[in-house]
Amino acid sequence: MNKQQLAAKIWESANQMRSKIEANEYKDYILGFIFYQYLSDKQLQFANNEDFSDEDIKALSEDDAETVEHIKSNIGYFIAYDNLFSTWIKKGKDFDVANVRDALSAFSRLISPAHKKLFDGILDTLQTGLSKLGDTAGKQTKAISELIQLIKDIPMDDKQDYDVLGFIYEYLISMFAANAGKKAGEFYTPHEVSLLMSEIIANHLKDKKEIQIYDPTSGSGSLLINIGQCVAKHINDKNNIKYYAQELKKNTYNLTRMNLVMRGILPGNIVTRNGDTLEDDWPYFDENDKSNTYDPLYVDAVVSNPPYSQKWDSSNKESDPRYARFGLAPKTKADYAFLLHDLYHIKPDGIMTIVLPHGVLFRGGEEGEIRKKLIEGNHIDAIIGLPANIFFGTGIPTIILVLRQKRENTDVLIVDASKGFIKVGKNNKLRACDIKRITDIVIKRELNPKYSKVVQRADIRENEYNLNIPRYVDSSDNAESWDIYSSMFGGIPEKEINELDKYWQAFPDLRETLFTRTSSDYAELKVENIKSSITEHINVKNFIDAFSKSFSDFDILLKKELLTNMQSVNIKKEENVLSEDIFTRLKTIPLIDKYEAYQLLDDDWIKVSIDLEIIQTEGFEATKKVDPNLVIKKKDGKDHEVQDGWKGRILPFELVQETYLKDELKNLKQKETRLLEINSEYEERLDSLSEEEKEADTVKEDKDGFINKEVTKEAKQLKADAKKNGTYEEDSYETKIIKVDELITEEKGLKKQVKEEATELHMQTKATIEKLTDGKVHELLELKWITPLVSSLHNLPVAIINTLSSKVQALAEKYATTYDHIAEEIKETESKLATMIDELTGNEFDMKGLNEFKSLLMDENNG
């Protein structure tokens, strides 16, 4: 189920429940039930792995103390068979809200002591809110039944290419903005921003064998999850990552715990707290054994996206060790309070990333003093300016600050990434290439004009510790200028040709081929066909040849990595392996933006990684499987999921048809094309009728179009008349009606054939997939995974040539029309107008006005 399908299902359910609960509370119910389903399924999975029979599972009960303890000690809790989510589904009409109340109550009782802190109260929001779903047990039962029917279809197998729980949370907050997002200050960190922060941190931690990470404003837990996934690509055992999380709001705190648990993280590696990060720092002591413990929290990495510029109580915090060195943030803006909290909790070799409003870079007062101390203390490592409108709930510009406790260098890397994004709805979204570009620049601390700069501390001091990004990195586009001489007399300024210098560097002889110098400062175009002159130039041909040679064996590498090794390739690491190979191949190729190439890889990798995950999980035979194609259709005003044919689990029907059922597909496409032609001819014939002919009952339109029965009836009579009286003229009304009738008859027959052949081809495709040889599967996977990527990469140099051609064409056209040309055209037009006035007639006053207008034109002309 993709995001769009999931969103549609959730929104339909939310609308149905709006009369029962507050819109912003709906997410607590759906997320709570999803989590309970996960817990139930996990216990069933454990039981199956322990060789429990179906009868053993049905017998699971609190009365069997030995089994209860065995399951609790292994997974941390116990759920009786009657309380399993799957059992609720099986109950059908016998399901009752009491089943849920009993199950949630029992879950609270049957948590293992070792897992008490992790699971205790995690379902409280759901449990206490059941009464809001209706004022009677019957109404509550109906509402919950509808909800669990929705949830049972939500994919929770970790094979999706997105964070399902996080997506639901983000989606619901965005849809219920007025009641939730802005008002409650809940900001789900977009996956792309989370991934960017995670990649930066993961690189810093890549050589560590054991890692501790902490999010003091954890929200949905997405930041921690993404860091864990990114770090896991660099270490051998993901169980060596420990997660610390603190969250103020109880409902959101529960969501953090749910999300971490559902990611398969070991319970012992999840440490969470429900508390106010600024008021109640992570305790130095175990709260259950204060006298015998002392363990302040210092971690390898802290990551956070705190509420922006919120008020806080700074009284009596001067001696708080988090703030003592740097000072207190102003009471009206807690941004630096959160930052200093994060900085305090990282180890000497640790790293932190935090998202804040860009005002923290230049606001004065207490914030200015803190910023000065952070710079002089050498803690600020990098500043990344993000695009506006990237977070739901706020349109203000935001930044990511990267800080460390100890650094060797004393400079600050400043990156203006505000213009790298794609528009999605009302919001902006970082692309994979944007994330990769920023990450590489931060890791390598690269200088990139109009994008990034390494700023020395002396420069920052000169700017009085103001870190506003435009002071150091000017990312604005160059304003278009117009050369006065060229505008008056023509020609192209050399300085504007020089702006294409990167192309002249790559193609050293091309400039001379395209332009002739008319003076030291001006030139003119000396070719008629710009595109062909560029394309046929030897420098350009060598450029394309060099690219082709560099990538000549790239498909061989892809076949080895993805096809030969499909069962063993490390999916999490492979995209990076391939991207490094692409970057290496592009090192000697000018003009090609390697991050554009990376985006092409990432676009392809999304589908490849999902396929590989299925193959590695289910085996190679999964490539030969077909599944019901389930679609949503309206019935009685409600959406229902129904089967509409079949689809390949991995191999698309269309690809199989184009490869192995070409003739059948071609025949079908020809008939479909003919249907379109018939419709066009049909409309053309009817449009050719006169208005009087269109008034005939035969061709009047109704809601379904022209009345075919009437046309057919009249055509039959006309044909009979023709036999008696002879044929009609080609352009006559009678001939048109007869032709329309013939088209209707042909269309009817063709539609039947198309339907039958489409069904036959569909079933033939299903059978073909199920009987594929291993060799043919490899051929199809190559066509699906490898061919599109190789093809799109080879289009990169073509795009470069097209861009250059457009730029040269624009330069030529810019000054093609000079002021002299325009003045001459005006003069000629005025003369023609004056002549036309002589031909006009009117009364005495009209003629006086026209003569005066003519004299003005002539004066202008003579002047």
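In what order do the 9 strands of the open sheet stand, and what is the sense of their pairing? The order is 3-2-1-4-5-7-6-8-11, and the pairing is mixed. What is described here is a predicted model, in which local features need pLDDT of at least 70 and side-chain atom pairs count only at pLDDT 80 or more, while totals for chains, interfaces and linings use all residues. Residues are numbered from 1 along each chain as its sequence is written, and side-chain values use heavy atoms, with hydrogens and water left out.

**The two sheets**

Helices (H or I, at least four residues) and strands (E, at least two) are DSSP runs numbered from the N terminus, and two strands count as paired if DSSP finds at least two bridges between them. Strands of a sheet pair through backbone hydrogen bonds, either parallel or antiparallel.

| Strand pair | Sense | Bridges | Facing residues |
|---|---|---|---|
| strand 12 and strand 14 (522-525) | antiparallel | 2 bridges | I492 and A523 |

**Charged pairs**

The structure holds 48 salt bridges, each being a side-chain nitrogen of Lys or Arg within 4 Å of a carboxyl oxygen of Asp or Glu. One of them joins the side chains of K317 and E279 at 2.9 Å, N to O. This pair links distant parts of the chain, 38 residues apart, with K317 in the loop between strand 4 and helix 15 and E279 in the loop between strand 3 and strand 4.

**Surface patches**

Patches are made of residues with over 30% relative accessible area and no salt bridge, like charges being joined within 9 Å and nonpolar side chains (Val, Leu, Ile, Met, Phe, Trp, Tyr) within 5 Å. Accessible areas come from the Shrake-Rupley method with a 1.4 Å probe, and for residues only the protein chains shown count as cover. L833, M836, F853 and L856 form a nonpolar patch with about 370 Å² of accessible area together, to which helix 35 (819-838) and helix 36 (844-862) each supply at least two residues.
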